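The following exercises are meant to be worked through with the sequence and the model side by side. Please try each task before reading its solution.

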Amino acid sequence: MTSKQRRSKRLSIRILVANMFLLAIVITAGIAISLQYSTSKKTAVDHMLSSIDLLSDHMSDSVQSLDSDAKQAVNLLSELISSDLSNISIEHKSSLFAQFLQKRPELYSLYVGDKQENFFQLINLNSAKDTRQRMGAQADDRWAAVHISGNGEKRLRRTYFYSNTFRLNHQQTEKSSFSPTKRPWFAASEQNNIVTTPPYTFEHLQISGQTYAKRIRNTEQVIGLDILLSSLSDQLTLSSTKLINGQEQAFLFNQNGKIIASNITDSDSDTSSSHQYIQDYLGIESKRLIDIASNPNAKQPTLIEKENYPRYYAFITAISNDILNQQYIAVTLPKDVLFQQATKEALHSTLLNALVMIILLPIIWLFSAPIVRPIRQLQLETEKIKRRQFDDVTFTDSHIKEIWQLSNSFVSMSQDIKQHEASQKEFMEALIRLIATAIDDKSAHTGGHCYRVPELGLMLSDALEKAEEGPYKSFQFANDNERLEFRIAAWLHDCGKITMPEHIIDKGSKLECIYNRIHEIRTRFEVLWRDAEIDYLRSVHIEKQDPSIALATWQENQARLQEEFALVAKANIGSEFMSEKEQNKIKAIGAQEWTRHFNNRLGLSPAEEMMHAEQDQHRDPHNAIETLLSDKPEHIIPRHKEVKFDESLGIKMTIPEHQYNQGEIYNLTIQKGTLTKEDRFKINEHIISTITMLDKLPFPPELSRVPLYASTHHERMDGKGYPRKLNAEQLSIPDRVLMIADVFEALTAADRPYKKAKPLSVAVDIMFNMCKEGHLDLQLFRFFLTSGTYLTYAKRFLPEELHDEVNLEEYLEE
């Protein structure tokens with residue numbers, strides 16, 4: 001996750017406070033609404049259970065009333081009819097039966113049958129709405145009388161349709177195989193008791209019903225009364241709609257699970273055909289429902305999940321205590337309908353709470369201001385601390401104790417940080433000066449360089465900032481931190497010299513290496529001097545040559561040796577450019593031979609012995625012929641490790657093959673100065689050490705350019721400098737200031753081992769030529785002159801004898 005993404009997740013404290021209040025309200029409201037919803041659900045369940053109980057009682061009363069009326073009618077008819085009805089006319093029997101049927105529309109039909117298979121039935125066409133259709137009755141038909149008689153193929157079923165006044169409207173005749181004696185109600189009436197059959201399908205109408213039957217006293221006839229279960233369905237529909245809400249499905253079923261009645265209309269389902277059993281309709285075993293109804297401790301309602309149907313709840317209760325004919329009522333409601341009111345109330349409460357939260361939100365927002373305002377002010381104060389504007393940090397007053405304490409802490413902290421930072425800066429600058437002083441003290445010949453360059457750089461930068469006209473009138477360091485950054489870089493610009501060998505830093509002559517080897521070479525000239533004297537004596541006293549000729553030769557050789565040594569000594573100083581002719585003279589002088597009689601491998605250190613071991617295998621160190629000057633293998637000092645620069649530093653410097661080359665002729669024939677290319681690289685390598693050392697220091701952001709400023713004073717405007725070969729476009733004004741300061745201090749310094757201090761006029765002239773050659777910035781150099789910075793520096797650091805007149809005009813002309 002990026003920092004930008006992390007910042008995007010931060011919240012304002014005002015929003016957080018508002019959210020906390022809203023969250024508290026939401027949690028409180030959520031708990032209240034949950035309790036309300038739970039209570040409303042329980043109330044809905046309790047109300048439904050109460051309604052079911054009322055429905056059960058009502059249906060129980062209805063069933064018992066119908067049962068009582070049916071039994072009373074059967075008993076009464078069995079008592080009234082004392083003779084065989086076979087000889088009574090159909091109209092008379094119909095009129096008699098109609099008196100019983102018209103009192104209650106639930107009674108479907110009255111009929112009488114005998115063992116001779118005679119059967120008469122009067123059907124109440126108003127008992128059910130589909131009775132007329134199934135019977136084929138017309139609109140003005142009120143009663144249908146069915147008379148079945150005859151045997152075998154001659155057995156006929158005659159149906160007579162009467163009006164309300166028993167006027168015969170029309171009749172039908174058809175064959176019939178109906179046998180009353182084979183019906184269950186006939187056989188069950190042998191004991192002269194009223195028999196109630198379980199619900200079954202009536203043969204004529206193919207609808208469910210129930211029969212009450214009893215044998216007529218002293219006859220072989222059985223009288224029966226049919227009731228249609230559809231009448232119970234109508235009663236169940238009416239009662240459930242009245243007692244519940246009309247959206248339920250109610251079922252009356254017996255202990256076998258068969259549906260006796262339901263409030264489902266024909267358009268919903270045909271219970272007589274498709275779902276005759278409660279298990280078929282609800283998808284749950286009737287035994288489980290009966291167990292629930294029989295157990296007063298059973299949890300209701302029961303959640304029923306039927307495949308491809310919505311979930312619904314079922315309530316079950318028993319409506320009769322007749323063990324042999326137990327009946328039950330099951331009422332089902334869709335889950336959302338049962339708790340519709342509870343859900344509606346919960347929704348209303350939620351909307352009300354949402355409205356309250358909307359109203360409270362601006363109030364909460366307003367009341368959060370005393371918290372937010374001082375915190376935002378404290379945030380501004382922290383920005384001041386971040387920018388190190390410690391003196392601008394002010395106290396933020398607040399009535400909130402914690403914020404008041406926090407503000408006090410901020411003010412106190414800012415002052416403590418200010419004091420700490422000041423002490424840290426003081427310590428850091430003291431440490432930097434200590435390092436610079438240590439570098440200067442390392443060499444008596446370069447002492448003061450690391451002190452004078454920063455001073456000159458600061459003088460020039462101050463002059464640039466004070467310029468009111470010209471190309472530098474807009475130059476300013478942005479703040480004190482940038483000035484400190486430049487000052488530290490100036491102090492540390494040569495910190496890498498602490499790693500430089502002293503014999504390289506102090507190399508004031510070409511042969512200098514820990515000591516000046518000119519003395520060793522002088523000794524060899526002394527040997528040749530004495531050899532010339534010995535040759536003279538041998539010629540005169542042993543070889544008996546002419547003394548005058550021998551003396552002239554001796555004097556000539558010694559004069560030549562004096563001249564040759566003077567030439568070698570002059571070359572060793574390196575103050576003048578050496579031509580190729582002079583280089584050849586040095587080589588010719590060095591070719592002279594002398595005899596060494598002592599072993600030059602005695603008294604060596606272990607390291608020297610190891611280095612020279614291979615070269616000594618094929619050489620006799622005794623009586624060896626040596627040249628006056630030589631470049632020997634042992635003069636080559638190889639690199640002990642490979643030099644590689646980190647690519648990120650951008651260093652572009654050519655690395656010599658060897659660490660050092662101390663060859664005598666090699667050093668004496670240096671064209672300019674006293675340094676070989678190996679020495680020069682070692683000297684230049686101090687800037688690499690500076691970069692490496694400073695790059696490892698954890699400078700704060702405001703001092704991040706210290707390593708860059710400190711490492712550019714040896715670059716050139718034309719891009720030929722080192723270590724990075726930066727050009728004018730890549731060099732900033734502070735970089736160019738340090739370049740001029742470093743060169744001017746070096747030219748005027750009186751403590752260099754390889755040169756004398758230059759007077760002002762000479763130093764200015766040299767630097768002007770360096771500007772023309774692309775080394776220094778000409779425009780800045782002219783400002784250096786016109787601003788008088790060079791004079792300010794000279795008065796402070798240069799002796800009076802170097803303060804000569806400088807003609808500025810010749811350096812300011814284009």
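**Exercise 1.** How much space lies in the second largest pocket? Work out, too, which residues lie nearest its centre.

*Solution.* The model is a predicted one, in which local features need pLDDT of at least 70 and side-chain atom pairs count only at pLDDT 80 or more, while totals for chains, interfaces and linings use all residues. Residues are numbered from 1 along each chain as its sequence is written, and side-chain values use heavy atoms, with hydrogens and water left out.

Begin with the terms: on a 1 Å grid over the protein atoms alone, a pocket is an open set of points with protein on both sides within 12 Å along at least five of seven lines, a cavity is a set where a 1.4 Å probe fits but cannot get out, and lining residues have an atom within 4 Å of a point. The volume, being the space filled by probe spheres set on the points, is about 860 Å³ for the second largest pocket. Next, take the lining, which consists of 29 residues, with Tyr515, Glu520, Glu608, Glu634 and His635 nearest the centre. Helix H16 (518-542), strand E17 (593-596), helix H19 (606-612) and strand E18 (624-627) each give two or more residues to this lining, where helices (H or I, at least four residues) and strands (E, at least two) are DSSP runs numbered from the N terminus.

**Exercise 2.** Which strands stand at the edges of the five-stranded open sheet?

*Solution.* First write down the order, E11-E10-E14-E13-E12, with antiparallel pairing; two strands pair if DSSP finds at least two bridges between them. Strand E11 (259-262) and strand E12 (302-304) have a single partner strand each, so one side of each lacks a neighbour in the sheet.

**Exercise 3.** Is Ser407 buried or exposed, and which residues does Ser407 contact beyond its neighbours within four places in sequence?

*Solution.* Locate Ser407 in helix H12 (residues 401-442). Its relative accessibility is 0%, and therefore Ser407 counts as buried, the class for values under 20% relative accessible area, with exposed meaning over 50% and partly exposed in between (1.4 Å probe, protein chains only). Finally, with those sequence neighbours left aside, Ser407 is in contact (heavy atoms within 4.5 Å) with Leu378, Phe395 and Thr396.
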